[in-house]
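Trainee: Could you show me how to read the backbone and the charged pairs of a model?
Mentor: Gladly; let us look at the structure together.

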Amino acid sequence: MTTSEQLFARAVNVIPGGVNSPVRAFGSVGLTPRMIASADGAHMTDEDGNVYLDFVGSWGPMILGHNHPAVREAVIRACEEGLSFGAATKREVEMAELVCGNVPNIDMVRMVNSGTEAVMSAIRAARGYTGRDKIVKFMGCYHGHSDALLVQAGSGVMTAGIPDSAGVPKGCTLDTLSAIYNDEASVQRLFDEFPDEIAAVIVEPVGANMGVVPPKEGFLEALRAMCTKYNAVLIFDEVITGFRLSFGGAQEYYGVDADLVTYGKIIGAGMPVGAYGGKREIMENVAPLGPVYQAGTLSGNPVAMAAGLAQLTVLHEQPKLYDELNAKGDWFFGEVSKIAEKGKIPAMVNSCGSLGCLFFTDIAVTDYESAKTSDTEAFAAYFRYMLDHGVYLAPAQFEAMFLSVAHTREDLIGVLELMRAYFAGE
């Protein structure tokens with residue numbers, strides 16, 4: 001038995017399922033999780049000494065690669081000054097100024113501790129601002145595990161066999177309306193039915209929790225126009241896309257303005273950080289300035305702020321990193337698509353910059369229903385092959401691959417060779 005297997009055998013006795021987040025479970029691929037001991041650059045090492053080329057990147061935060069010197073040194077310095085104060089700090093101000101000064105439509109921002117908390121708080125702010133209750137979300141878009149949003153969600157829910165979630169009272173989702181991603185007509189129907197009751201439309205501008213599903217041309221623009229017409233708040237959930245597609249996130253990348261935006265992952269550089277921000281007239285409703293209450297003991301934690309600020313500073317000061325990373329993604333996923341087209345196994349590739357997904361289906365994936373046509377057993381076989389050859393992918397069909405600055409062309413050529421052999425049946 002390997003060290004990872006021994007540790008997992010201990011874990012299942014004291015942690016539900018042996019993992020602290022369902023997406024870390026390897027059950028859907030027929031394995032036990034690898035217990036990771038360390039990571040550096042584009043590679044991770046498990047407790048047995050196996051080294052993997054990592055395409056998870058802590059589920060997105062590690063855009064500069066693991067253990068980046070600027071982030072590591074900032075965290076060490078912050079730790080020497082104290083781990084938590086429960087009081088206002090200079091780094092909070094610097095972080096907010098950097099975000100508000102460089103991201104479209106962000107006049108004010110509130111730091112929180114996770115993407116789930118950011119989304120929950122943004123929804124509350126939108127309801128408080130509009131005085132309305134209903135929200136529109138899209139099937140297959142995951143916005144964290146708060147009660148009102150666990151309705152036809154994506155991410156681990158799609159492979160865990162939990163269509164929504166036990167423990168969520170029916171009353172919590174009565175005001176949650178579901179629409180079809182990439183289908184603006186489905187949203188218009190909801191506005192036709194509830195023209196004066198919808199507080200907000202929340203969307204992943206690039207679907208990244210049902211695999212990667214980019215928006216079709218005009219989709220985001222249509223959402224913007226409808227929210228403006230009906231005086232609803234447009235919320236971009238940029239927990240994944242924020243600071244990844246560009247420093248200004250999907251708003252800048254697609255040129256579409258949101259009213260509120262939620263962040264996580266990259267903004268914390270691997271620390272548990274989230275944020276929500278947006279237009280001043282909405283954010284001024286948040287306590288202590290306004291009547292929408294939201295608080296957090298560890299929000300703006302000085303160590304977490306140091307990590308996030310260090311990473312965002314590198315990204316802001318070196319904008320060419322985005323051009324290079326997006327070009328790397330376009331090239332790599334383009335090559336993967338060519339391999340899939342010529343291979344013996346049905347597969348489709350979706351990508352957007354440094355985000356991508358290989359779906360084991362023979363139809364184009366544009367929404368939740370088409371994503372679900374994927375053959376999860378075929379993915380599991382592919383996952384096991386890649387893991388055996390030193391490539392660490394998300395252990396579920398409906399998750400993204402994340403490229404980082406640390407992935408070299410040589411790294412990716414090696415992966416393409418493995419894929420070529422696999423899809424050729426060698």
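What follows is a conversation about backbone geometry and salt bridges.

Mentor: A word on the ground rules: this is a predicted model, where local features need pLDDT of at least 70, side-chain atom pairs count only at pLDDT 80 or more, and totals for chains, interfaces and linings use all residues. Residues are numbered from 1 along each chain as its sequence is written, and side-chain values use heavy atoms, with hydrogens and water left out.

Trainee: Which residues does the cis peptide bond join?
Mentor: Most peptide bonds are trans. Here, a cis bond joins A287 and P288, with omega about 10°. P288 sits in the loop between α9 (280–283) and α10 (302–317); helices (H or I, at least four residues) and strands (E, at least two) are DSSP runs, numbered from the N terminus.

Trainee: What is the phi of N182?
Mentor: Most residues other than glycine have a negative phi. N182 has a positive one, near 70°, and belongs to the loop between β6 (176–179) and α6 (184–193).

Trainee: Is N182 buried or exposed?
Mentor: Buried means under 20% relative accessible area, exposed over 50%, and partly exposed in between (1.4 Å probe, protein chains only). N182 has a relative accessible area of 10%, so it counts as buried. F243 also deserves a look: its phi is positive, about 65°, although it is not a glycine. F243 lies in the loop between β8 (233–237) and α8 (249–254), and is buried at 1%.

Trainee: How many salt bridges does a search of the whole structure find?
Mentor: A salt bridge is a side-chain nitrogen of Lys or Arg within 4 Å of a carboxyl oxygen of Asp or Glu. The search finds eight. One of them pairs E94 with K90, with the closest N and O atoms 3.9 Å apart. Both lie in helix α3 (residues 90–102), four residues apart, about one turn of the helix. E94 is partly exposed at 30%, whereas K90 is exposed at 63%.

Trainee: Which parts of the chain does the pair D259 and K279 link?
Mentor: Their side chains meet in a salt bridge of 3.0 Å, N to O. The pair links distant parts of the chain, 20 residues apart: D259 is in the loop between α8 and β9 (260–263), and K279 in the loop between β10 (274–278) and α9. D259 is buried at 7% relative accessibility, while K279 is partly exposed at 22%.
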